[in-house]
Amino acid sequence: MAGKLIIFSAPSGSGKSTIINYLLQQDLNLCFSISATSREPRGTEQHGVEYYFLSPEEFRSRIEAGHFLEHEEVYTDRFYGTLKSEVERLLAKGYNVIFDVDVVGGCNIKSFYGDRALSIFIQPPGIEELKKRLTGRGTDAPEVIESRIAKAEFELGFAPRFDVVIINDVLEKAQEETLKVIKDFLAK
Ligand code: ADP
Ligand code: 5GP
């Protein structure tokens with residue numbers, strides 16, 4: 001049977017990565033789509049593991065060559081995008097493909113694949129809790145946290161465009177709910 005696509009979008013700090021990591025450990029034949037970006041690698045990040053790291057020039061020439069399923073320039077020279085070759089590589093191996101993309105990319109992938117894709121929005125219980133989680137994660141400077149919170153208010157407005165909204169209040173409950181909707185979707 002042809003593989004399916006499962007898209008995750010959420011404001012940063014909602015718990016998307018935590019939930020995706022849990023799902024990747026389940027017996028669902030899922031594989032993570034590695035995105036391309038023109039930002040610099042952070043910490044221990046490696047090319048071909050967290051992202052495909054491309055220079056802005058290379059990213060632009062690959063956009064022109066039509067290599068991207070979707071892409072965005074978040075600000076000048078900072079690109080993120082999903083390579084068609086990455087999705088094809090994983091589908092050819094028989095996997096269901098899981099995406100972690102921003103809200104606009106998520107809507108674009110969903111409209112491209114239609115019923116073959118399930119789009120899931122992970123919603124934090126509130127902005128204050130989001131701030132607490134971002135602070136608790138300890139990966140961002142205070143001004144980065146402020147800009148992520150400001151962006152979150154815009155991103156939360158996209159929730160109704162997703163097939164499923166999961167509120168991540170109690171983590172175990174959110175994980176179970178997500179697992180169930182994915183199992184139902186894959187069984188269809
Ligand atoms: P995202 O990938 O959406 O940016 P993360 O998965 O990195 O978010 O989660 C942000 C922080 O919040 C992490 O430190 C994570 O351990 C924590 N977290 C995730 N879900 C919950 C939850 N339900 N309750 C409390 N903390 C959570
Ligand atoms: P970071 O730089 O923190 O790794 O990621 C920043 C944002 O880029 C996150 O919101 C993430 O979901 C988004 N992102 C990562 N890969 C892609 C992609 O391929 N396409 C789009 N549209 N957004 C992406």
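The model is predicted, so local features need pLDDT of at least 70 and side-chain atom pairs count only at pLDDT 80 or more, while totals for chains, interfaces and linings use all residues. Residues are numbered from 1 along each chain as its sequence is written, chains are lettered from A and ligands numbered from 1 in the order in which they are written, and side-chain values use heavy atoms, with hydrogens and water left out.

The protein chain contains seven helices and nine strands; these are DSSP runs numbered from the N terminus, helices being H or I of at least four residues and strands E of at least two. For 188 residues, a compact globule would have a radius of gyration near 16 Å, and the 16 Å of the protein chain agrees with this. That radius is taken over C-alpha atoms, and the globule rule is 2.2 Å times the number of residues to the power 0.38. Along the principal axes, the C-alpha atoms fill a box of roughly 45 × 40 × 30 Å. Of the 188 residues, 45% are buried, where buried means under 20% relative accessible area, exposed over 50% and partly exposed in between (1.4 Å probe, protein chains only).

An open sheet of four strands runs in the order β4-β3-β6-β5, with mixed pairing. Its edges are β4 (51-53) and β5 (68-75); each has a single partner strand, so one side of each is left without a neighbour in the sheet. From one strand to the next, the twist averages 25°. Two strands count as paired if DSSP finds at least two bridges between them. Strands of a sheet pair through backbone hydrogen bonds, either parallel or antiparallel.

β5 and β6 (residues 78-83) run antiparallel and are joined by six bridges. Within this pair, F68 stands opposite L83 and E72 stands opposite Y80. The two strands form a hairpin with two residues between them, and D77 in the turn has a positive phi of about 70°. β6 also pairs with β3 in the antiparallel sense, over two bridges; here G81 is the bridge partner of A36.

Helix α2 (residues 56-64) touches β3 (35-37), β5 and β6, and its direction makes about 45° with that of β6. Helix α4 (residues 103-113) touches β5 and β6, its direction making about 165° with that of β5. Contact here means heavy atoms within 4.5 Å, and axes are lines fitted to C-alpha atoms, for helices over the stretch in contact, with angles from 0 to 180 degrees between N-to-C directions.

The structure also holds seven aromatic pairs. Rings of Phe, Tyr and Trp (its six-membered ring) pair if their centres lie within 6.5 Å; planes under 30 degrees apart count as stacked, over 60 as edge-to-face and the rest as tilted. Y51 and Y80 form a tilted pair, 6.1 Å centre to centre with 55° between the planes. Y51 lies in β4 and Y80 in β6, so this pair ties together parts that are 29 residues apart in sequence. Y51 is buried at 19% relative accessible area, and Y80 is partly exposed at 22%. Ring pairs link Y51, F53 and Y80 into a cluster.
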